[in-house]
Amino acid sequence: MKAVSRYWVASVHVALSIIGLPYAAGTSGVCRKNDISRIPSLCSSTSVSMPPAAHVKARCPVYPVSDTRRFPVPDDKVDWDTDWPQYSPVNYTAPTVLKKPVWADPEIGGFSPLFNSLDGSVDRKSHEGPYRIQNGKPLNPHGRTGLEGRGLLGRWGPNHAADPIVTRWKTDSTGQHVHHTNSQLPVLQFVSIKRLDCGEWAIPGGMVDPGERVSQTLQREFSEEALNSLQAPPSEREKIQKRISELFNSEGLQVYKGYVDDPRNTDNAWMETVAVNFHDESGNSVSELPLQAGDDAGQVSWIDVDSSLALYANHLHFLETVAKERKAHW
């Protein structure tokens, strides 16, 4: 994981890849039904750090949306530098990926991607730095997963995503900030979607299209998943887009940039994300817009930021960083 930077102020052209999974657009993790993935450019200021992502979910025994079981990898055998002649990972690439949709790479063989570089419009560079290539295939920078191939992921190597975290202050009927009774700190609220695939609440987000700027992805995904601007009538769409643009052109707090511990990860394909917080300080921007669920979201709502929340994948860690940086209740 890279240290996160305080503010973004102009656009950075980062061409990233897409996997476009219909059941898991966004970053980290795959839903478990009973459990309770568009930046202006980097500017120096203070940094906020998060603990390194644990390489745990990427070793889940049964690969998501399949009956495929991973080769068990104990903690002391995760590192590629640890000698383990007995390692025999299961080879699995999902049928949906093998059907060669536009968002997926072909199989290695007749296809020779330019790893660790910009490959046409697809950015195959990792936020973690250069990764190893073995037998023509990239190796997961966080180690063994017990499964080779691509699984559900479209790209060999890093599969890039962007997560917009849109927040506001919780206010009472008089417009005053609400403070938590225990911490006495002001309460933040964030836009959360309830995923149709599993019923878990999550930060709206999605995959970055080839050649697309991360800043564009963040704005597009928020519009599609939270504000449903694609289905709004023309008169409303213009107003929505204006307010969204104003917010996403403001200073944003980069919360995280790096590898995501995701159950879809394999030895040769893995998720990475950039998560950025856009805060409506005055409460007169997107805070006033009626939220409508769109794309793969079932419901959308402003939810109080609190450490007791149960959220999709590792989104809670992103919110913890936002709350602490903005001196809000956690």
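Colleague: What share of the 330 residues in the protein is buried, and what makes a residue count as that?

Modeller: Buried residues make up 55% of the 330; the label means under 20% relative accessible area, with exposed over 50% and partly exposed in between, using a 1.4 Å probe and protein chains only. Keep in mind that this is a predicted model, where local features need pLDDT of at least 70, side-chain atom pairs count only at pLDDT 80 or more, and totals for chains, interfaces and linings use all residues. Residues are numbered from 1 along each chain as its sequence is written, and side-chain values use heavy atoms, leaving out hydrogens and water.

Colleague: Why is Phe-248 called buried?

Modeller: Its relative accessibility is 0%, so Phe-248 counts as buried. Phe-278 is buried too, with a relative accessible area of 0%.

Colleague: Why is the pair of Phe-248 and Phe-278 called tilted?

Modeller: Rings of Phe, Tyr and Trp (its six-membered ring) pair if their centres lie within 6.5 Å; planes under 30 degrees apart are stacked, over 60 edge-to-face, and the rest tilted. Here the centres are 4.4 Å apart and the planes stand at 45 degrees, so the pair is tilted. Phe-248 sits in helix H3 and Phe-278 in strand E14, 30 residues apart. Helices (H or I, at least four residues) and strands (E, at least two) are DSSP runs, numbered from the N terminus.

Colleague: And what makes Phe-115 and Tyr-131 edge-to-face?

Modeller: Their planes are at 70 degrees and their ring centres 6.3 Å apart, so that pair is edge-to-face. Both Phe-115 and Tyr-131 are buried.

Colleague: How do you know that Arg-144 lies over the face of Tyr-87?

Modeller: The rule wants NZ of Lys or CZ of Arg within 6 Å of the ring centre and within 35 degrees of the ring normal. Arg-144 is at 5.2 Å from the ring centre of Tyr-87 and lies over its face. Tyr-87 also forms one aromatic cluster with Phe-71, Trp-80 and Trp-84.

Colleague: What makes the largest nonpolar core a core, and which members touch the most others?

Modeller: A core is a set of buried Ala, Val, Leu, Ile, Met, Phe, Trp, Tyr and Cys residues joined through side-chain atoms within 4.5 Å. The largest has 21 residues, and Val-166, Leu-218, Phe-222, Phe-248 and Val-286 touch the most other members. H3 gives the largest share, 4 residues.

Colleague: How do you know that strands E13 and E14 pair?

Modeller: Pairing takes at least two DSSP bridges between two strands. E13 and E14 have 6 and run antiparallel, with Leu-253 opposite Asn-277 in E14. Strand E13 is mostly covered, with 6 of its 7 residues buried.
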